[in-house]
Amino acid sequence: TYPLALVAWVRPDDRGAQYAVASDSGSGTSKQIRLGAGTAGKFTMGMRGASAHSPSSHYDNSNTTWFHLVGAFIANNDQKLYVNGTLDQTKTTTANISDFSDSDEFYIGTGIQSGTNLTGRSWEGGIAEVAAYAADLSAGEIAALAKGVSPLLVRPSALVGYWPLGGA
């Protein structure tokens, strides 16, 4: 249900479409939620049928930079993508995250759709500090996470999952 925020530090190695954090798509018409890279060095977040993409390129194929991403699902018609603590893109859609109810798996570094691994969508690069919140994080909270504050210290009452990972 809304609101929901997916958070991750990412270091993409190439400019292809790939999922850093995603759910499965459950069965039938349920939605998959995701956060990661689109194409041409742009970041993306959204759900099956509705995504917000960075308006401009952030990295190239020789990337060595870490980026902080937040995909905020505020309401069924309000999605926001933050890059390094700054609002990068918004999306208004009629897609509804309540369709997410049949999803039962959460993935880091790939995504599954209707039981099938999304070939070519596996993450290439580093991933660290993945978190999921049942909250509409404030601009100050997003900025703190982008400055390196642990998700354990940012609105812990709304934190529904935290995976520190190794980065690499």
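Which backbone oxygen lies 3.3 Å from a polar atom of the side chain of T44? The oxygen belongs to A52. A polar contact is a pair of N or O atoms within 3.5 Å; within protein, one must be able to donate a hydrogen and the other to accept it, and residues adjacent in sequence count only if both atoms are side-chain atoms.

## Basis of the model

This is a predicted model, in which local features need pLDDT of at least 70 and side-chain atom pairs count only at pLDDT 80 or more, while totals for chains, interfaces and linings use all residues. Residues are numbered from 1 along each chain as its sequence is written, and side-chain values use heavy atoms, with hydrogens and water left out.

T44 is part of strand β4, residues 43-47. Strands (E, at least two residues) and helices (H or I, at least four) are DSSP runs, numbered from the N terminus. T44 counts as buried because its relative accessibility is 6%. Buried means under 20% relative accessible area, exposed over 50%, and partly exposed in between (1.4 Å probe, protein chains only). Not counting residues up to four places away in sequence, T44 touches R34, L35, G36, A37, G38, S51, A52, H53 and L81. Contact here means heavy atoms within 4.5 Å.

A50 belongs to strand β5, residues 50-53. A50 is also buried, because its relative accessibility is 4%.

Two strands pair if DSSP finds at least two bridges between them. Angles run from 0 to 180 degrees between N-to-C directions, and axes are lines fitted to C-alpha atoms, for helices over the stretch in contact. β1 and β12 are joined by seven bridges, and P12 has G125 in β12 as its bridge partner.

An open sheet of five strands runs in the order β5-β4-β3-β2-β9, and its pairing is antiparallel. Its edge strands are β5 and β9 (106-108), each pairing on one side only. Neighbouring strands here are turned by 15° against each other on average, direction ignored. Three bridges join β2 to β9, and S23 has F106 in β9 as its bridge partner.

## Cores and rings

The largest nonpolar core has 24 residues, and L6, V10, V21, L35, F43 and F73 have the most contacts inside it. Such a core is a set of buried Ala, Val, Leu, Ile, Met, Phe, Trp, Tyr and Cys residues joined through side-chain atoms within 4.5 Å. Strand β1 gives the most to this core, with four residues. Apart from it lies another core of 15 residues, including A135, L137, I142 and V154.

There are three aromatic pairs. Rings of Phe, Tyr and Trp (its six-membered ring) pair if their centres lie within 6.5 Å; planes under 30 degrees apart count as stacked, over 60 as edge-to-face and the rest as tilted. F43 and Y59 form a tilted pair, 5.3 Å centre to centre with 40° between the planes. Both F43 and Y59 are buried. Ring pairs join F43, Y59 and F67 in a cluster.
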